There are 2 protein chains.
Amino acid sequence: MRDSYHEELDDINACLVEMANSVGSQMSTATTALLDADVALADLVIAGDDQIDATRENIEQRTFTLLARQQPVAGDLRTITTAMRIVADLERMGDLAAHIAKVARMRFPDHAVPQEVRPAFLEAGNVAELLITKTATVIAKRDVEAAQELETDDDAMDQIHRGLFRQLLSEDWPHGIESAIDITLLGRYYERFADHAVSVARRVCYLVTGERYDSAVSSSSG
Amino acid sequence: MRDSYHEELDDINACLVEMANSVGSQMSTATTALLDADVALADLVIAGDDQIDATRENIEQRTFTLLARQQPVAGDLRTITTAMRIVADLERMGDLAAHIAKVARMRFPDHAVPQEVRPAFLEAGNVAELLITKTATVIAKRDVEAAQELETDDDAMDQIHRGLFRQLLSEDWPHGIESAIDITLLGRYYERFADHAVSVARRVCYLVTGERYDSAVSSSSG
């Protein structure tokens, strides 16, 4: 049987998994809002970000209370400090989904994403969904293998990102500067989303194996 | 007289101040590298980021050790968890300086920043320098007034950022898409740098006053 302290630790972890799922749902809705120029969906995502922020506050407060009351050591302490960092990454991923929704909203009723780069953003959306689903699994099951797969998925996102720039810089880009700015920022938001997923994965790997990877999200270029 | 535990806490805080100063120096060098198309300076900044990352690791490890050995409660615990978050913001600010240097490097021997937007980036660099200097003061002295000033400085950065977009979208922008992409990303890096400074300031305010502001860096738009 688990004591109430370890029950609380498990429950915080379950909340992190739930938060990852919410972030995934936000990102997937944001991508749809962007590709369909659906302002109602965009508004949903923008409003929904408050809930993600509130979840972060709640989890931060609970980790703080656990530290104060239980004064954990060793593995449990590492679990709690890891949770504190994961919750920051997840919240930032939620922000990025909201940023994408805001671009869709800003250009409505036009499409922010011209036809030529639609396939790239569709793919970026798919990779983002895959990333956050795996991130949830990594948190739930401390699945080191899934964590390592995330690195490959992140490479795929980087490739999509580079492809976008190639399209923007091709001689016959007909949509002008404003559209180029939108696409540059959107590409960056998807790329950063992937970086934060990798950061979470690396933190869980470190927790499980004790082996530190390069300093996570910060090492990403771009 | 202070015990060794509080000496260690003070020393961690001093390291955070030193880290903020290093980040300021990186950012200021990055701006010079950008405006002067100085590849040697750009390389310095890019190489120097490893040191910032190492400082983060070091401070994180020390906060972890303090938590494990001293099992602090109440105010001391809050100080340590605040330090854990500040160090993450500072490290990210260092990354952003390196990103700026990388754009300068990528366009060398050309200038990444055309003459028309040079004043905007000069100003962005000045505001960034002001922000990080105040951030260091906020950390060193728990100066709530300086922390509140940072919000105004952040508004100034947002205005510069919006001005950049206006310039890019003016009818007579002659520098094409590639330059627009560079400037969009550069503008974003300076803006995020300011956001993280505000995040640090808010965390220190919360530590001192117990009053929570909007959830820090995450609430920023863009």
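Let's start at one residue, A:F121. Leaving aside residues up to four places away in sequence, A:F121 touches A:T31, A:L34, A:L35, A:V113, A:L164, A:I183, A:L186, A:G187 and A:Y190. Keep in mind that this is a predicted model.

Now zoom out from that residue. The largest nonpolar core holds 144 residues. Which residues have the most contacts inside it? They are A:F121 and B:F121. In soluble globular proteins, nonpolar side chains tend to be buried together.

Next, the annotation. An unreviewed UniProt entry lists "domain: PhoU" for residues 16-103 and 122-204 of chain A. Take residues 16-103 of chain A. That stretch is 94% helix and 0% strand. Its end C-alpha atoms are 27 Å apart. Now residues 122-204 of chain A. Here we have 90% helix and 0% strand. The end C-alpha atoms lie 29 Å apart.

On to the interface. The size of an interface is often given as the accessible area lost when the parts come together. Between chain A and chain B, the buried area is about 4000 Å². Carbon and sulfur atoms give 56% of that area.

What about charges? The count between chain A and chain B is 2 salt bridges. One pairs A:R85 with B:E60, and the closest N and O atoms there are 3.3 Å apart.

Last, the loops. Look at the peptide bond from A:F108 to A:P109. This bond is cis, with omega near 5°. A:P109 sits in the loop between helix 3 and helix 4 (118-141) of chain A. In chain B, the bond from B:F108 to B:P109 is cis too, with omega near 5°. B:P109 is in the loop between helix 3 (74-107) and helix 4 (118-141) of chain B.

Two residues have a positive phi without being glycine. A:R142 has a phi of about 50°, and so does B:A37. A:R142 is in the loop between helix 4 and helix 5 of chain A. B:A37 is in the loop between helix 1 (4-36) and helix 2 (39-70) of chain B. Buried or partly exposed? A:R142 counts as partly exposed, because its relative accessibility is 37%. B:A37 is buried, with a relative accessible area of 10%.

Terms used:
Residues are numbered from 1 along each chain as its sequence is written. Chains are lettered from A and ligands numbered from 1 in the order in which they are written. This is a predicted model: local features need pLDDT of at least 70, side-chain atom pairs count only at pLDDT 80 or more; totals for chains, interfaces and linings use all residues. Side-chain values use heavy atoms; hydrogens and water are left out. A nonpolar core is a set of buried Ala, Val, Leu, Ile, Met, Phe, Trp, Tyr and Cys residues joined through side-chain atoms within 4.5 Å. Buried means under 20% relative accessible area, exposed over 50%, partly exposed in between (1.4 Å probe, protein chains only). Contact means heavy atoms within 4.5 Å. UniProt positions are given in the numbering used here, feature names are shortened, and annotations may be inferred rather than shown by experiment. Helices (H or I, at least four residues) and strands (E, at least two) are DSSP runs, numbered from the N terminus. Buried area is the accessible area (1.4 Å probe) that two parts lose on being put together, summed over both. A salt bridge is a side-chain nitrogen of Lys or Arg within 4 Å of a carboxyl oxygen of Asp or Glu.
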